[in-house]
Amino acid sequence: MPQDSDHGQTIAAQGSRIDAYVDRYAARAAGMVASEVRALFAVASRPEVVSLAGGMPYVTALPLDTVGELVADLVARRGPVALQYGSGQGDPHLREQICDVMRMEGIEANSDDVVVTVGSQQALDLITRIFIDPGDVVLAEGPSYVGALGTFSAYQAKVVHIAMDAEGIIPESLAQTIYALKTAGSPIKFLYTIPTFQNPAGVTLNTARRQQVLDICQRAGVLIVEDNPYGMLGFDGEPMRALRADNADGVVYLGSFSKTLAPGFRVGWALAPHAIRDKLVLAMESAVLSHSSFTQLAVGQYLATQPWREQIKSFQVLYRERRDAMISSLEALMPADVTWTRPSGGFFVWATLPEGLDSKALLPRAVSERVAFVPGTGFYADGGGARHMRLSYCYPEPDRIREGVRRLAGVIEQELRLRDTFGTGSSPDHIGVDTPGPDLA
């Protein structure tokens, strides 16, 4: 039977699409794309590859037998409560315990202002949802956490990066950027910052600059969203005083148990001024109705019965040893023109390649030599970061870190020889924000 030509063209057009729903998605879904880097890490996860990429905590250092007994006891004694729906704001007792944890960073807070979330990533999503209209400006360090950039992109925010150096955000750059945006009539909704052991750069905002950043934002009426997953994991001295400790009304503080206990529990929180707190609870309930009572009560029981401060100290010792292994290996093995940050806590080193080298182009060659890292472009919303890479020391054993750096140094040396022979190559295009996997964030 002859086929109607228009109908046939419609079927052909639909059949040629990878996604038949491409014309039906909301506009904000257009930026929700996974990068080719994520696909490459399916290969990089093989055991023969040394991964300096993932930001995964070393949970094997936990007393797993004790945690298992704690969970079993929770089900035996409080199963009907632990396995039931819970409050949208979070378990009241856990919120009180979270206030005790934050007190270590100088924060005095009321548990009524704490909202428990499914990891701090959900807290970030909720904050963005209640504040951002398409085209609104979010200020963020350059580079910034890839998971945050993905969230901002999903809500169609315009990310404007603020310059950093070895001491964190440069206050003059922050003030100048705010002035320029306000003069241009661009609405700034908040400054997103990881001031302590920043992901990916590993740098920490110094004490003097913390007060300057608070003062600049307060004068300009700019809310600060302080993300602090690594603050307890310093290698020298007591935890830094949080920004929220010195401004209760102008800072939303995001915290997490993913790095100090275990990411599998997926328990984080937001501490917010009262009005913002109310919006967060409503947004939380619309997103998940009620999150896991079980994991909240498990974390609460761990805090109540286990020496969690001592466990954090053991993590500090473990990560310090791995940081030292990475820094000493970089010093011994890297070509002279490669530079890097020297973190005093957290998980990450931020390395800068010599002129003419591109980290994203380098990655497939590195994986072929059985070492992996995260290219710097994923940490910028504007396509920057081509000469940078994030190196993570939190998960591999020290000997594996040294071997990984040795392999990476060899790849960079080979690229330098190619550059010197053939000249500077063009950088691959990078538009938009790479959507991270949890093992890369």
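**Backbone notes on a predicted model**

1. Helices (H or I, at least four residues) and strands (E, at least two) are DSSP runs, numbered from the N terminus. This is a predicted model: local features need pLDDT of at least 70, side-chain atom pairs count only at pLDDT 80 or more, and totals for chains, interfaces and linings use all residues. Residues are numbered from 1 along each chain as its sequence is written, and side-chain values use heavy atoms, with hydrogens and water left out.

2. Phe197 is not a glycine, yet its phi is positive, about 55°. Most residues other than glycine have a negative phi, and most peptide bonds are trans. Phe197 is also buried, at a relative accessible area of 5%. Buried means under 20% relative accessible area, exposed over 50%, and partly exposed in between (1.4 Å probe, protein chains only).

3. Pro200 belongs to the loop between β6 (188-193) and α8 (207-220).

4. Another cis peptide bond links Gly142 to Pro143, with omega about 10°. Here Pro143 is found in the loop between β3 (137-142) and α6 (146-154).

5. Lastly, Arg266 deserves a glance in your viewer. Arg266 has a positive phi of about 55° without being a glycine, and its place is the loop between β8 (251-256) and β9 (268-271). Arg266 is partly exposed, with a relative accessible area of 35%.
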